[in-house]
Amino acid sequence: MKATGIVRRIDELGRVVIPKEIRRTLRIREGDPLEIFTDREGEVILKKYSPIGELSDFAKEYVESLNQSMGCIAAISDKDTIVAVSGASKKELLDKPISEDLENIMKRREKVVSNKADETRFYAVSSDDEAFTAQVIVPIYAEGDTVGAVVLLSKEDKAKMGITELKVAETAAGFVGKQMEQ
């Protein structure tokens with residue numbers, strides 16, 4: 001655990017203000033759920049809650065299935081990080097923060113199919129991914145809210161994604177969203 005040197009007092013209602021710098025760094029926004037943990041030394045730990053994180057084992061199995069059937073890199077993200085990936089090295093994408101591009105696609109609730117070969121607009125998925133040549137991005141919805149995205153990617157020079165990959169990603173996003181609602 002890293003000390004910040006910031007001290008806050010608890011008010012009469014038991015509230016503590018998380019400093020703006022920490023909220024910005026950890027991408028904690030108003031209304032975001034936080035999970036509360038305690039340990040044996042009496043520490044209270046706040047962790048950003050990810051509903052998709054609760055389904056991490058399921059998400060891992062699902063992206064492995066997508067990778068095997070589609071032959072491309074498959075990933076699932078929550079609103080902050082890539083939580084499951086198959087077909088690429090785990091170091092490359094897993095647990096990496098999502099890009100501002102991906103965050104905006106989810107906010108706008110849009111579906112994206114883009115291919116560098118067609119010179120269509122290409123969106124970054126994580127902060128440091130330049131090797132991808134084709135992609136499909138479909139937001140995941142649970143109870144009407146955007147909670148993440150299904151992403152299909154390729155690194156092959158002449159790779160081209162289209163309607164088939166979009167339909168597969170839409171099906172995957174719908175299925176993951178339904179699992180979260182149960």
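Tutor: Let us begin with a term: two residues are in contact when heavy atoms of theirs lie within 4.5 Å. The model before us is a predicted one. Among contacts in the protein between residues at least 6 apart in sequence, 48% join residues at least 24 apart.

Student: Which helices and strands does the protein contain, and in what pattern do they follow one another?

Tutor: The protein has five helices and seven strands. Along the sequence their pattern is α-β-β-α-β-β-α-α-β-β-β-α. The C-alpha atoms fill a box of roughly 60 × 35 × 30 Å along the principal axes.

Student: How much of the protein is buried?

Tutor: A residue counts as buried when its relative accessible area is under 20%. By that criterion, 38% of the 182 residues are buried. The accessible surface comes to about 11,400 Å², and carbon and sulfur atoms account for 50% of it.

Student: Which residues have the most contacts inside the largest nonpolar core?

Tutor: They are Leu66, Ile76, Val136, Ile140, Val150 and Leu152, in a core of 26 residues. At least two residues of this core come from each of helix H2 (56-70), strand S3 (73-77), strand S4 (82-86), strand S6 (134-142), strand S7 (145-154) and helix H5 (163-181). H5 contributes the most, with six residues.

Student: Where do the buried residues of helix H4 lie, seen down its axis?

Tutor: In H4 (residues 100-108), they are Leu102, Glu103, Ile105 and Met106. Seen down the axis, these buried residues fall within an arc of 160°, so they line one face of H4. The face turned away from that buried side carries the exposed residues Glu100 and Lys107. The cover over the buried residues of H4 includes S3, S5, S6 and S7.

Student: What is found at the start of H4, and which residue follows the helix?

Tutor: At the start of H4, a side-chain oxygen of Ser99 comes to within 3.4 Å of the backbone nitrogen of Asp101. After H4 comes Arg109, with a positive phi near 55°.

Student: Is Asn115 buried or exposed?

Tutor: The relative accessible area decides the matter. Asn115 has a value of 3%, so this residue is buried. Asn115 belongs to strand S5 (residues 112-115). Leaving aside neighbours within four places in sequence, Asn115 is in contact with Thr120, Thr133, Ala134, Ala159, Lys160 and Met161.

Student: And where does Lys116 lie?

Tutor: Lys116 is in the loop between S5 and S6. Its relative accessibility is 37%, so Lys116 counts as partly exposed. The side chain of Lys116 reaches the backbone oxygen of Phe132 at 3.3 Å.

Notes:
Residues numbered from 1 in each chain as written. Predicted model: local features only at pLDDT ≥ 70, side-chain atom pairs only at ≥ 80, totals over all residues. Heavy atoms only, no water. Core = buried A, V, L, I, M, F, W, Y, C linked by side-chain atoms within 4.5 Å. Buried < 20%, exposed > 50% of the residue type's maximum accessible area, 1.4 Å probe, protein only. Helix = DSSP H or I, 4+ residues; strand = E, 2+ residues; numbered from the N terminus. Polar contact = N/O pair within 3.5 Å; in protein donor to acceptor, adjacent residues only side chain to side chain. Areas by Shrake-Rupley, 256 points an atom, 1.4 Å probe, with all protein chains shown as cover. Arc of directions from axis to C-beta.
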